[in-house]
Amino acid sequence: MNHDDTSWSRDRRHSDAEAIAGLLPVPADCDLPDERYLHHKELLMRHIDEDNANAKTAGAPASRPRRPLLRPALLVPVTAFAVAAAVVGGVVATGGDGNRPTAAERHEPGQGRPATVLLDRISTAALKDDAPKVGDDQYLYTRSKIREADVTSGKAVVSPLRDLETWSSQKPGPQKKLGISRSDGETLDINAQLGDTEGTEPGLSRPTYRWLAALPTDPDALLKYLYAKTPKHAGAERDQAVFDEIGSLLGGVMPPDTAGALYRAAALIPGVEKTDEAKDAIGRQGLGIRRDDATFGTRTEWVFDPDGLAFLGSRSYLTEDGAHGERGTLLYSSALIAQAVVDEAGQEPGPRHRVKLRGAETARPS
């Protein structure tokens with residue numbers, strides 16, 4: 001494709017997005033939890049890309065593959081109206097540390113609460129982890145199992161359990177290709193985020209090992225950083241957004257000091273609780289850390305191995321009866337199966353790679 005074709009495609013994409021925004025009213029109640037905003041942006045742009053491809057081929061089937069989502073762990077589709085209105089109609093990410101809780105709000109009430117005690121134990125275990133370092137020219141391989149709900153019909157329809165493999169590039173600087181993913185026998189490129197015309201930089205949405213190693217390891221300083229950098233969206237609960245942002249980082253290979261600080265930072269967020277009944281996508285029972293999002297009537301749980309306290313997966317479900325389903329309806333669940341550091345995208349881990357397995361793989365989806 002030459003430069004003129006690229007410019008035409010980019011201009012057409014933005015023109016289509018503006019047209020969609022003009023046709024769709026902003027919903028009265030924005031049913032768009034903050035942690036899934038990036039997913040919806042990518043989903044909308046994927047539809048626009050496909051429309052453009054079909055238009056250029058004058059009705060012929062589009063040959064280009066669909067782009068996989070940037071962070072497949074954050075996946076709960078919503079209606080097309082909510083997606084388009086949120087992406088194009090004015091829900092804007094901003095900086096600033098917003099409504100970060102004060103020291104009194106974070107420390108006095110929480111010092112002896114069960115969640116703080118458990119997260120302290122998990123942090124201590126993470127500090128002792130012998131996680132491998134990931135070089136700038138290597139890829140982080142992750143295999144997981146996921147289930148996800150599609151609510152575009154108005155009701156949550158939960159998908160079957162499926163395998164997902166990803167190879168995440170660790171290259172520094174902005175990158176237009178962030179790696180590849182494989183699911184249901186299809187291998188797809190993971191492309192730069194929407195709007196990153198020069199490529200996506202390492203950061204919260206592209207957490208490379210080098211970037212993670214540069215984060216503050218003091219829990220207070222790290223929490224302040226997260227409140228400042230986590231995107232802010234209209235109607236979203238700020239504490240929940242930061243909790244979910246931390247959750248999106250869990251399960252990756254990172255420096256032990258960073259992992260330990262993340263867990264201790266999470267303990268400082270108001271509303272975080274411990275549960276003994278958490279389970280991941282394949283039914284592995286574990287110790288749980290959860291937080292309820294009162295705005296959207298959902299609960300997010302992180303699941304940890306009760307023996308070694310390793311991260312096993314996560315789950316999100318409705319806590320109230322609503323338009324999308326009854327209380328307890330599953331929205332998303334994941335189970336981390338294996339990780340390794342490899343040298344090429346698509347390379348299967350072999351005997352020479354340090355493959356980290358997470359618990360016994362069962363077949364009892366939650």
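**View 1. The largest nonpolar core and the elements that build it.** In this predicted model, the largest nonpolar core holds 36 residues, and Leu119, Ile246, Tyr263, Ile269, Ile289, Trp302 and Phe304 have the most contacts inside it. Such a core is a set of buried Ala, Val, Leu, Ile, Met, Phe, Trp, Tyr and Cys residues joined through side-chain atoms within 4.5 Å; buried means under 20% relative accessible area (1.4 Å probe, protein chains only). Two or more residues each come from α5 (114-127), α6 (209-213), α7 (219-229), α8 (238-249), α9 (256-266), β7 (285-293) and β8 (298-304). The largest share, six residues, is from α9. Helices (H or I, at least four residues) and strands (E, at least two) are DSSP runs, numbered from the N terminus.

**View 2. Phe304 and what it touches.** Leaving out residues up to four places away in sequence, Phe304 touches Ile122, Leu250, Tyr263, Gly286, Leu287, Ile289, Leu309, Ala310, Phe311 and Leu312. Contact here means heavy atoms within 4.5 Å.

**View 3. The buried side of α5.** Ala115, Thr116, Leu118, Leu119, Ile122, Ser123 and Ala126 are the buried residues of α5. They sit on the same side of α5 because they cover an arc of only 165° around the axis, taken from the directions from the helix axis to the C-beta atoms. Their cover includes α9, β6, β7 and β8.

**View 4. Gly283 in its loop.** Gly283 lies in the loop between β6 (273-279) and β7, and counts as buried because its relative accessibility is 6%. The C-alpha atoms of Gly283 and Ala335 are 8.6 Å apart, with the two residues 52 apart along the chain.

**Notes.** Residues are numbered from 1 along each chain as its sequence is written, and side-chain values use heavy atoms, without hydrogens or water. As the model is predicted, local features need pLDDT of at least 70 and side-chain atom pairs count only at pLDDT 80 or more, while totals for chains, interfaces and linings use all residues.

Technical notes. Buried means under 20% relative accessible area, exposed over 50%, partly exposed in between (1.4 Å probe, protein chains only).
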